[in-house]
Amino acid sequence: MLGKYLDNVRAKSPLIHNITNYVTVNDCANILLACGASPIMSDDCGEVEEITSICGGLNINIGTLNKETIPAMLLAGKKANELGHPIILDPVGAGASALRTETAKRLLDELKFTVIRGNISEIKTLAVGSGSTKGVDANVADAVTEDTLEGVVAFAKEFSKATGTVIAITGATDIVADANRAFVITNGHPVMARITGSGCMLTAMTAAYITANSDNVLEATAAAVCAMGLCGEKAYDTTAKNHAGNSSFRNYLIDEIYRLDESELDKGARYTIV
Amino acid sequence: MLGKYLDNVRAKSPLIHNITNYVTVNDCANILLACGASPIMSDDCGEVEEITSICGGLNINIGTLNKETIPAMLLAGKKANELGHPIILDPVGAGASALRTETAKRLLDELKFTVIRGNISEIKTLAVGSGSTKGVDANVADAVTEDTLEGVVAFAKEFSKATGTVIAITGATDIVADANRAFVITNGHPVMARITGSGCMLTAMTAAYITANSDNVLEATAAAVCAMGLCGEKAYDTTAKNHAGNSSFRNYLIDEIYRLDESELDKGARYTIV
Amino acid sequence: MLGKYLDNVRAKSPLIHNITNYVTVNDCANILLACGASPIMSDDCGEVEEITSICGGLNINIGTLNKETIPAMLLAGKKANELGHPIILDPVGAGASALRTETAKRLLDELKFTVIRGNISEIKTLAVGSGSTKGVDANVADAVTEDTLEGVVAFAKEFSKATGTVIAITGATDIVADANRAFVITNGHPVMARITGSGCMLTAMTAAYITANSDNVLEATAAAVCAMGLCGEKAYDTTAKNHAGNSSFRNYLIDEIYRLDESELDKGARYTIV
């Protein structure tokens, strides 16, 4: 059961260092607070090593990468590796520009990540160079369907084996895999794709889960993915009831993360392990 | 009737490249998603040409311009011009500093814009150097009133003729003009001036409308302006009913854009063509 | 009674220049609009002196400081000092890195601040180098309790005397002190620590209060702190009633600032002067 990984986040309240994009940064900070963790954002080379040293985990998101923040990601990542802190990568838009693809690959080469979370196009870009990202969204041609699921699971396990990193591929169906096992998760709601930041928030929250549960990275990542999807379902219900739209949905989603408890996550998580 | 221009946005789901300020960037991304488009934010010179190439339209907003992003605006704009993509300029705070005024003018000199949207002070600054911007708000002395309306319409048409660009001057009364015709629009609510980002969001959304309706730029721009004003009215009703304030109003406004359909826009748009 | 200081904000609608972090910048802009002021954000060295010249007050927040924005803070601050504009410092995370601590100290050395607002760990770091900041949050060991209150009040008065600056130390109990008098304020709710930006928003709003009430800086700062705490209490009631969470709380908090009036602030402010 996955609820206990949430409990550990609330009990340990890990401080998470975020080098992230300026589009969804506020939502990332609030969802970290919602799940019981604490955020700090810092991306200047003059302080990132020191900041990451006082934190428990590091979240690197390349959503609005630039020439100042890329070296900061490398510096912070190396220090986090030295200290044995969990690191997560969100390769936003890998495949959409050479700068994004090359930066993501360079980060993978120079750093040891604990988890990589992205959509299928981004992850395929990193693994085999063949993803065709539509901006920051997955390309329809890459979509995980009933027909392709088995193949995508095998791909995720292989990529995990090659990198020594837990791989989280999120979309209508989510796959969280290490070299041997994969959680196939069906929580979630399509409206999550109609707000900016669903992915970024999940990555930030996963950083908190793996930091508070460093001995169970696969399960903790799956727990974060289930929690996000489950809260998306609940937030959609409120949105529909209130005749609201995507902006209110975003608030309800963070609110549900704030209110989620262990037993609800245990009951609401929908996954199989393959 | 303007509703069909909204339908085209939802049908085509254009990907919009935004080089915009960090104050309202999240709202701009969410309103693009709300109206049926997709956003990508990118402002590093190392990737902006490539990013704009995979998009349908470009939104340039100088709200927090700096020495790194100004060259990115020029690079992206030139590429968008080469590719024949619609580009919109939001000259936030032109008139408030020499850097803003000169940057806006340089962008106008070096790039061919499809639409410029600003408040009356910003547009006057660009056209005749005489606007007196109060920070990022229009100066009261510049306000469009019943007495000055005819003159402002003539000014907008002239500036459109001189630049070959559709001009959208927004405020209590909105004017959307090309060289020959002007929509005078009375949708909207004063509380829209009590949130940050009403203007930035409208500019971003207009980028989507003109990208999905590139053969009808004047009408598509007017449709976006009417949609924003109409949704502002509806969002105000919800705000009043809930005894809420400006922060909730912002959410309701984006929610209404999310829920707006063709027939509501047809029925609710209030404008004359002069 | 403190309500009149709010009335002055609404009557004068001061324009506030903000050099602030990209995490909470949107909330800072919206709370300035909510309380009756106007925000402008600008951090490029090429324009900050000019921008601050057209404003009434300046808000410097080091939450995501970097090598580009630090010189902008100094330039803007010197110009604001020359012009006699009120300036407020929010030393976010001072104590969490040498860059933050040294930047905050350099700003204090080179500029004359009207108010400094931070948590107890940040303020202790500035005053005596002994604060132990946990990221951007106060360390529990530094907490202001019944037992330590007298000592913290004496410390705040001394630090105010040494710097000639009103000192606002906020937390469960807030202390606003000049060299001779201190307001001890008990408004507020613990959920305010579960959103990002409670502190940043209060600093931004205080900039508006001291700009509109430059002859009564101590009282105006206390009024802003009481207003924030009181609105936090009211926003919590709405959050609880709606079974909502921290994201909705943030909206309700800004909404309450928008709706607050003089008599409510007079009635709801809870403080003693010592």
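This is a predicted model: local features need pLDDT of at least 70, side-chain atom pairs count only at pLDDT 80 or more; totals for chains, interfaces and linings use all residues.
The secondary structure of chain A consists of eleven helices and nine strands. Its radius of gyration is 17 Å, close to the 19 Å that the globule rule gives for 274 residues, so chain A is as compact as a globular protein of that length. The C-alpha trace of chain A spans about 45 × 40 × 35 Å along its principal axes. Of the 274 residues in chain A, 69% are buried. Contacts across the sequence were also counted. Among the contacts in chain A with a separation of 6 or more, 72% link residues 24 or more positions apart.

Strand β4 of chain C covers residues 87-90. C:I87 and C:L89 point one way from this strand. C:I88 and C:D90 point the other way. All four of these residues, the charged C:D90 included, are buried.

β4(C) pairs with strand β3 of chain C, residues 57-61. The two strands run in the parallel sense, and four bridges join them. Within this pairing, C:L89 of β4(C) is the bridge partner of C:I60. Helix α4 of chain C spans residues 69-83. Together, β3(C), this helix and β4(C) make a right-handed β-α-β unit.

β4(C) is also joined to strand β5 of chain C, residues 115-118. These strands run parallel, with two bridges between them. Here C:I88 stands opposite C:V115 in β5(C). Helix α5 of chain C, residues 98-110, makes a right-handed β-α-β unit with β4(C) and β5(C).

The contacts between chains were examined next. Chain A and chain C meet through 28 residues from chain A and 27 residues from chain C. On the chain A side, four elements each supply at least two residues: α2 (25-35), β2 (38-41), α3 (48-54) and α10 (246-259). By class, this side of chain A has 14 nonpolar, six polar and eight charged residues.

Chain C also touches chain B. In this contact, 28 residues of chain C meet 27 residues of chain B. On the chain C side, two or more residues come from each of α2 (25-35), β2 (38-41), α3 (48-54) and α10 (246-259) of chain C. The residues on this side of chain C divide into 14 nonpolar, six polar and eight charged.

Technical notes: Residues are numbered from 1 along each chain as its sequence is written. Chains are lettered from A and ligands numbered from 1 in the order in which they are written. Two residues are in contact if their C-beta atoms, placed from the backbone, lie within 7 Å. A residue is buried if 20 or more other C-beta atoms lie within 10 Å of its own, exposed if 12 or fewer, and partly exposed in between; C-beta atoms are placed from the backbone. Two strands pair if DSSP finds at least two bridges between them. A crossover is right-handed if, with the strands pointing away from the viewer, the path from the first strand over the helix to the second runs clockwise. The radius of gyration is taken over C-alpha atoms; the globule rule is 2.2 Å times the number of residues to the power 0.38.
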